[in-house]
Amino acid sequence: MKMRFPFPILAALAFTAPVFAQDQVPDAVPAASPPPEEAPLIDEWEGIVNIDVSVLVPDYREPWNSGQPSGGSGTGFLIGKNRFLTNAHVVSNATKLVIRTTNDPEPHPARVVHVAHDCDLAIIEAEDGSHFDHLKPLTFGGIPKLNTEVIAVGYPIGGDRISVTRGVVSRIDFRPFSHTQVDSHLAIQVDAAINPGNSGGPVIQSGKVVGVAFQGFSGRVAQNVGYIIPVPVVERFLKDVEDGKYDHYVDLAVSDFPIENSAQRKALGLNGGGIGVMIADVEPAGSAGDILKRGDVLLAMDDNPVFNNGLIRFEGELMDMNEVVERKFAGDKLKLSYQRDGKKTETEVTLKRFDPYVKLGEQYDQRPRYVVYAGLVFQPMDKNLMDSHQISDRAANYMFDNFLTEKLYVERPEPVLLTTILADEVNTYITPYAQSVVDEINGVKIKSLKDVKKALAQKGDKPGFVIIKLLEKGRPLVLKRDFADAAHPRIMKTYNIPEDAYLGAE
């Protein structure tokens with residue numbers, strides 16, 4: 001199951017200016033030792049390219065605006081004919097891409113082909129791939145062993161030429177990915193310097209790529225701690241996009257609780273051997289929502305026994321049990337063995353994506369959605385919105401913080417907030433309603449932004465008025481309909497709003 005990470009991992013973002021806050025700049029890293037004589041010649045790394053990116057950051061405070069221009073740079077590397085692999089965070093919200101090789105300063109326009117924000121990977125291609133036909137693609141290896149040496153190659157801050165840093169593999173674990181802030185996958189910790197601009201670059205061992213550099217801690221948290229995306233995650237992404245589209249990771253959408261107490265194991269009727277983990281919670285909209293229940297004991301996944309600490313022996317290694325699900329795709333089957341009330345049962349679940357997670361994480365490459373009416377701005381709740389508006393309303397923050405734990409998404413799949421009130425004589429004295437969660441409009445229950453557009457057009461019990469009920473607000477917000485309808489075009493013109501709604505691409 002995906003998790004929101006509770007500690008300050010910082011992505012080694014491509015953007016050299018906005019990457020780190022002023023108090024989060026990493027400490028200086030000692031210079032890497034010179035490579036041994038057997039290291040590959042730099043010409044063999046021509047397939048490792050510098051990526052310059054122009055970005056348009058969406059404006060969630062005024063969602064009808066185009067956004068704020070920005071830019072930066074990162075690294076990518078050739079994996080096939082005119083196919084370059086990089087990080088999703090390098091190309092997120094990009095409006096223009098340019099790639100260069102280390103021996104050719106000529107800029108070559110490029111475009112995004114596939115992007116997977118949930119595992120921070122992307123594929124780009126040059127608009128004219130003939131410039132790169134002579135380059136040799138890099139090949140992939142496997143998962144490197146602990147305490148073995150790797151080198152990170154890329155274009156970090158501080159220069160235009162290729163850079164090489166060296167370190168050892170210090171940990172292989174199921175870790176949070178900082179790009180979305182809600183997804184967790186297998187990751188490899190290394191002590192090679194991973195700096196802004198290294199993002200998307202290959203990490204190499206014995207001439208083969210064993211990972212993609214993507215994030216690290218700031219110097220104040222830990223010294224020389226970087227993370228790379230391992231080959232199994234990369235290979236899953238590449239297989240997913242073979243049909244021309246990315247279908248996202250699937251989730252079992254359950255949380256577990258270790259059964260390490262001997263009395264608890266006895267009470268549950270477990271026969272020892274350290275097998276079995278308790279199901280602590282099940283998301284009703286998840287893959288196992290209509291099969292597993294809280295309190296069940298999960299015994300095995302695809303015939304692999306689950307240990308009482310939530311680990312599983314998979315491909316010869318002890319891993320988080322979610323790693324079995326990680327290797328599967330939308331529509332795949334997962335065999336489960338579990339115990340309920342002392343009775344063992346075997347079943348299969350069909351795996352799918354768990355959409356409610358998405359609202360809790362950062363989102364990219366999409367235009368903010370909204371509805372404006374008589375100066376009232378309605379927007380769907382998600383992390384981008386909560387952060388940009390710095391929402392302080394108690395009910396709104398409760399809704400966001402407990403969206404999963406209290407299963408609030410069942411009743412409201414897409415909560416809507418009245419984020420802003422654009423001042424006009426028709427809406428005077430109602431600013432205290434701003435940042436509130438919308439409950440009803442004209443008697444219609446609001447479960448998504450589309451409901452807002454429809455409800456505003458309807459006439460309720462009092463057709464002369466527009467009546468909006470907000471959570472934890474004792475009195476409804478009321479507008480006189482004919483005044484509001486007359487004021488609406490005036491407000492749109494005053495605030496230079498080109499369209500009164502954007503509900504998303506069809």
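Q: Which residues of helix 7 are buried?
A: In this predicted model, helix 7 (residues 449-457) has Leu449, Val452, Ala455 and Leu456 as its buried residues.

Q: Where do the buried residues of helix 7 fall when seen down the axis of the helix?
A: They fall within an arc of 115°, so the buried residues line one face of helix 7. On the other side of this helix, Lys454 and Ala457 are exposed.

Q: How is burial to be read in a strand, and how many residues of strand 7 are buried?
A: A residue is counted as buried when its relative accessible area is under 20%. In strand 7 (residues 121-126), six of the six residues are buried, so the strand is largely enclosed by the rest of the structure.

Q: Which residues point one way from strand 7, and which the other way?
A: Leu121, Ile123 and Glu125 point one way, while Ala122, Ile124 and Ala126 point the other way; all are buried.

Q: Which strands are joined to strand 7 by bridges?
A: Strand 4 (residues 83-86) is joined to strand 7 by three bridges, and the two run antiparallel. Here threonine 86 has alanine 122 of strand 7 as its bridge partner. Strand 6 (residues 104-116) also runs antiparallel to strand 7, with six bridges between them. Arginine 111 has glutamate 125 of strand 7 as its bridge partner.

Q: What lies between the strands in the hairpin of strand 6 and strand 7, and which residue takes a positive phi?
A: Four residues lie between the strands of this hairpin, in which aspartate 120 takes a positive phi near 55°.

How values were computed:
Residues numbered from 1 in each chain as written. Predicted model: local features only at pLDDT ≥ 70, side-chain atom pairs only at ≥ 80, totals over all residues. Heavy atoms only, no water. Buried < 20%, exposed > 50% of the residue type's maximum accessible area, 1.4 Å probe, protein only. Pairing = 2+ DSSP bridges. Arc of directions from axis to C-beta.
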